[in-house]
Amino acid sequence: MTSRAGGCLPPAPPEGIFETEKGWVMDDAAPVTVDLKAEYESSGVREILDELDRELIGLAPVKERIRETAALLLVDRARRQMGLAHETPTLHMSFTGNPGTGKTTVALKMAGLLHRLGYVRKGHLVSVTRDDLVGQYIGHTAPKTKEVLKKAMGGVLFIDEAYYLYKPDNERDYGQEAIEILLQVMENNRDDLVVIMAGYADRMDRFFAANPGFRSRIAHHIEFPDYSDEELERISAAMLAGQGYVMDAGGRTAMTEYVRLRREQPHFANARSIRNALDRARLRQANRLFSGAGVVDAKTLSTITEADIRASRVFSGGLDIDGSRRKDLP
Ligand SMILES: Nc1ncnc2c1ncn2[C@@H]1O[C@H](COP(=O)(O)OP(=O)(O)O)[C@@H](O)[C@H]1O
Ligand SMILES: [Mg+2]
């Protein structure tokens, strides 16, 4: 507790406010009031939050956290405009969750949000993994990491599976060098660069426990839950609609079953597995149309049917991996 608890000392005036014989007055240069609702509209923050709501299915807790963060940043900006605060708040974040739960997609929106609020100059997102930061030979890591940081300045650096930077079993791992540079830049350039570290929750926890420097520099931790079957079905319909396709009734039933089966198989990656399944369904649809009747109408060209989904190996207990084995991996 502070000395104010005793009730004898008057609170010190906040910065930017002066005491005169008429009482406290604001610094002349600073505005006297801020219309937060008007700022919310004119900054474009509302637009981004609306997009987030519209474009992303489910993710209620994530959307809530983003709204809270946006409110915090709007208020912080207003406080700085009024001279009530001077320091840039710490904006580095961690996004934890399984593959395909929307972390990268939400990071892009976050970059837009930070840009609209003036926390970063450009608002672009640079997405990297360990290999982009760490070299294979002595002397290669620092220039690599610095090059990435240079590209990301003025925007958001998204480090996917950040924990691979740290290899505790190898004392001389070059990852350590990248970690040290990152920690420095996260501290010194926080008015122009926001770092988002993403990955599995449990591995990220261990990474932060072993590297407390990151934990103390990261102010916002957002958890991305797995999607429910019903959400994945809605995501499949939305993805297809975005590409100008629909599923007929049989296709939708097959998709419901697909989601249930796919979840139980290895390398399940939430919405990314759905995107991959739909890519393959469109391929099958094209082959079906091509090998069938020569003349087709717009509706036929745009409809995914039961057969296009059910031809997947997932229905016969196999993996739906036509081609690359790593397709569903992050
Ligand atoms: N809630 C959602 N609604 C619609 N599409 C989504 C949703 N979440 C993820 N996706 C889509 O799924 C794919 C994988 O998402 P991504 O953001 O890359 O996940 P992560 O980074 O967590 O692995 C992307 O194509 C993305 O557009
Ligand atoms: Mg990703």
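Axes here are lines fitted to C-alpha atoms, for helices over the stretch in contact, and angles between N-to-C directions run from 0 to 180 degrees. Helices (H or I, at least four residues) and strands (E, at least two) are DSSP runs, numbered from the N terminus.

**Entry 1: ground rules.** I am reading a predicted model, where local features need pLDDT of at least 70, side-chain atom pairs count only at pLDDT 80 or more, and totals for chains, interfaces and linings use all residues. Residues are numbered from 1 along each chain as its sequence is written, while chains are lettered from A and ligands numbered from 1 in the order in which they are written.

**Entry 2: a helix pair.** I looked up helix α2 (residues 45-55) and helix α4 (residues 103-116), whose axes come within 9 Å and cross at roughly 170 degrees. That makes α2 roughly antiparallel to α4 (the term covers angles over 145 degrees). From α2, I found V45, I48, E51 and L52 in the contact, and from α4, K109, G112, L113 and R116; contact asks for C-beta atoms, placed from the backbone, within 7 Å. Four of these residues are nonpolar, one is polar and three are charged.

**Entry 3: the sheet.** Next I traced an open sheet of five strands in the order β4-β5-β6-β3-β7, with parallel pairing; strands pair if DSSP finds at least two bridges between them. β4 (125-128) and β7 stand at the edges with a single partner strand each, so one side of each has no neighbour in the sheet. I noted an average twist of 20 degrees from one strand to the next.

**Entry 4: strand β3.** How many residues of β3 (residues 93-97) are buried? I found four of its five, where buried means 20 or more other C-beta atoms within 10 Å of a residue's own. M93 has I196 as its bridge partner in β6 and stands opposite H220 in β7.

**Entry 5: helices on the sheet.** I saw helix α6 (residues 141-152) lying across β4 and β5 (156-160), at about 155 degrees to β4. Helix α8 (residues 201-210) touches β3, β6 and β7, and its direction makes about 140 degrees with that of β3.

**Entry 6: the core.** Last, I checked the largest nonpolar core, of 49 residues, where M110, L114, V156, V194, V195 and I196 touch the most other members. A core is a set of buried Ala, Val, Leu, Ile, Met, Phe, Trp, Tyr and Cys residues joined through C-beta atoms within 7 Å. Its largest share, six residues, comes from α4.

Note on methods: Parallel < 35°, antiparallel > 145°, perpendicular 65-115°, else oblique. Contact = placed C-beta atoms within 7 Å. Nonpolar A, V, L, I, M, F, W, Y, C, P; charged D, E, K, R; others polar. Buried ≥ 20, exposed ≤ 12 C-beta atoms within 10 Å, placed from the backbone.
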